[in-house]
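Hello,

Here is the structure I promised to pass on to you. My notes follow just below it.

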Amino acid sequence: MVEKFKVRMRELDPSERVNNFEEVALGYTKEEAIAEANRCLQCKHKPCVAGCPVGIDIPGFIKALREGDIEKSTRILKDANNLPAICGRVCPQEKQCELACVVGKIPGSEPVAIGRLERFVADQNISLETTVKPSVNKRVAVIGAGPAGLTAAADLAKEGFSVTVFEAFHTAGGVLVYGIPEFRLPKEIVAKEVEFVKSLGVEFRFNQIVGRTIPFEEIKNEYDAVFIGIGAGAPRFMGIPGSNLNNIFSSSEYLTRTNLMKAYLFPMYDTPVKIKDRVAVIGAGNVTMDAARTAKRLGAKEVHVVYRRSEEEMPARIEEYHHAVEEGIVFHWLTLPVEYIGDINNNVTGMKCVKMTLGEPDDSGRRRPIQVEGSEFIMEVDMVIEAIGQTPNAILKAGFPTIRLNKWGNIDADEASGRVDEGIFAGGDIVTGSATVIEAMGAGKRSARAIKSYLLRKG
Amino acid sequence: MHAVLSKKRIAPDTYDIWLSHPDIYRYAKPGQFLIIRIDEFGERIPLTIASAEKDRVRVIVKAVGKSTYKLCAMHEGESVADIVGPLGNPSEIEKLGTVCVVGGGVGIAPLFPVARALKSAGNEVIGILGAANKDHLIMVDEFKPFLDRLYLSTDDGSAGVKGTVTNPLKEVIADYSPATIWAIGPMVMMKFVSLLASQNDIPCWVSLNPIMVDGTGMCGACRVEVGGEMKFACVHGPEFDGRLVNWDELIKRQYQYREEERLALEKYVRELGEKDG
């Protein structure tokens, strides 16, 4: 008889953790990991594998773990996934591998904690003899060192291709380093995973913005194939009156300052970030939770999440939402800011909001929010973070003039292969719009396969 | 890493610095800028490209805060960690007839490549350079070969006419009716030059330097209202028609981190003192 519930993962106490940026989830001990691994039924048809965008042999790595062979377990993980310590932490497993888990289908039973087990194995830091195939005399340029680019680069390097990654920032990781906060994904873990990619022979060129500091044409001419994984790029703003008042930020700016530039350690690090008493964060996605929880840790007395729909439509992971609630974040459902109000110094002092009600479902299948007449009220705040999503990268049009875009302004790429044009491939948020880390990695993986067959066919 | 190849003091707190960089000279055009991060603790600061030659790029830096102090305190042979560039859109250089370029303070430096390019494009170029006093009037001799006429102004009258650049500008507008004006300098200067240009119905390019973080269009820290629309200076600019810029809002946004900037500089100066003492 299988244990009904997942082995609980220890976490820092909310009252303690809101004062620091330490990782909230503490991970399993070996005993806990093996106890959880024993809940796996080792199904022959492995529905969990189909639920994983990079197709990890899940029963295989769990079996090796159960037998205490961490090295074998690590090898199985890394065969399919170049960044397991990251995925184990940030994947929405409840919508992917764990959704398909047979144990989870037993009434009253939770699925196997695949993500936590992946994290446990990856965190054991077993260093493997990396199996890189003999060098193939072909060069591939990967543009962007986020999850999609890192995955494509690693997979191609394993196949023996000579890979160069061009990254705009001074460090690799993309959203893993500028977006996801330290308390969910320690940057040390990202650095370790990037080291693994480097160990495969991938060369990194930092501070390079293809299409700006190097023409895209030059890359196309110098390399046999190109993978574009430059992410969703530009922040969307509400565009309501008062948007340019001081202390109104995009979540991208707020999180980049805090995470990438380490403003939470100001003035040891030079980049400042604003700290205010009453902060409103607009939206209800994972980025909203990240920004709200960051504001709390930086010292805000009150943090309010303001969302135009209800709890039911909230796109954030339930786990992150619970963490936010535990940390004292206040949620305002069915509420929409319509104007920012400022003082004589241009500093924001409040938001004029309206209450909403839900009508018929829209294209996304979620009920459409409608303003309630006469429901206007003022919420007093001294800082606002807009976390309402991204629009395509602004340099895309100017910097990649030959690339075909779709009606949303993203790259028009073939879904199965990421193919855009002869020798040009793309994947991740720049194709799909804002999605998840693991979906970007899946796209990087598919493109790496397509690039390999393209290059071998080309000869 | 990018070594400081040479450093020369050209005015109080103002240094002419060449940094090594293998590629920038191949692509840099007038009007573009760099993002520099001095070391692993550093912030990313935008600096306009004054010139670029084989393997090197030139910036003129005035020490106003911690990062610029640090940069100005570096010795030849020391290195900065990161340089990203060229960034931003190049100036729209074409043959327009008579043009007037107006530089204020350390803004004279980024104006230099623009003036030179305008001259090479066959324009009659009138220059107005202004500063607090004659010691702060930089690069005057470098400008001369590319200017058909030169006016100087200083706040205290120690060189050229006394007062701000708008005094000679009024004269230039009356006498030569320039086709276009370029103005680079402190926000307040650019605001008043834009106002004059607007009154006289002359297009006026200004180079904005709002607060930036990434400089690549992904955060919106540098957003500014131009002609009623939200623009990001790093990717849509940095040059805009000054007549359309919401100056009052921009100037107030510029001071958002004044308190934090003061803290960082104080700490830096204190630590320097401890190190020396």
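A polar contact here is a pair of N or O atoms within 3.5 Å, and within protein one of the two must be able to donate a hydrogen and the other to accept it. Please keep in mind that this is a predicted model.

With that cut-off in hand, have a look at A:Asn82, which sits in the loop between α5 (70–80) and α6 (84–90) of chain A. A:Asn82 counts as buried, because its relative accessibility is 0%. Its side chain makes a polar contact of 2.9 Å with the side chain of A:Asp155, and another polar contact, at 2.8 Å, joins the side chains of A:Asn82 and A:Lys158. Leaving aside residues up to four places away in sequence, A:Asn82 also touches A:Thr151, A:Ala154, A:Glu193 and A:Phe196, among others.

The other thing to look at is the strands. Strand β2 (residues 162–166) of chain A is largely enclosed by the rest of the structure, since four of its five residues are buried. Strand β1 (residues 139–143) of chain A pairs with β2(A) in the parallel sense over five bridges, and A:Arg139 stands opposite A:Ser162 in β2(A). Between β1(A) and β2(A) the chain crosses through helix α9 (residues 147–158) of chain A, and this β-α-β crossover is right-handed.

β2(A) also pairs with strand β3 (residues 203–205) of chain A, again in the parallel sense, over three bridges. Here A:Val165 stands opposite A:Phe204 in β3(A).

Best wishes

Key: Residues are numbered from 1 along each chain as its sequence is written. Chains are lettered from A and ligands numbered from 1 in the order in which they are written. This is a predicted model: local features need pLDDT of at least 70, side-chain atom pairs count only at pLDDT 80 or more; totals for chains, interfaces and linings use all residues. Side-chain values use heavy atoms; hydrogens and water are left out. Buried means under 20% relative accessible area, exposed over 50%, partly exposed in between (1.4 Å probe, protein chains only). Helices (H or I, at least four residues) and strands (E, at least two) are DSSP runs, numbered from the N terminus. Two strands pair if DSSP finds at least two bridges between them. A crossover is right-handed if, with the strands pointing away from the viewer, the path from the first strand over the helix to the second runs clockwise. Contact means heavy atoms within 4.5 Å.
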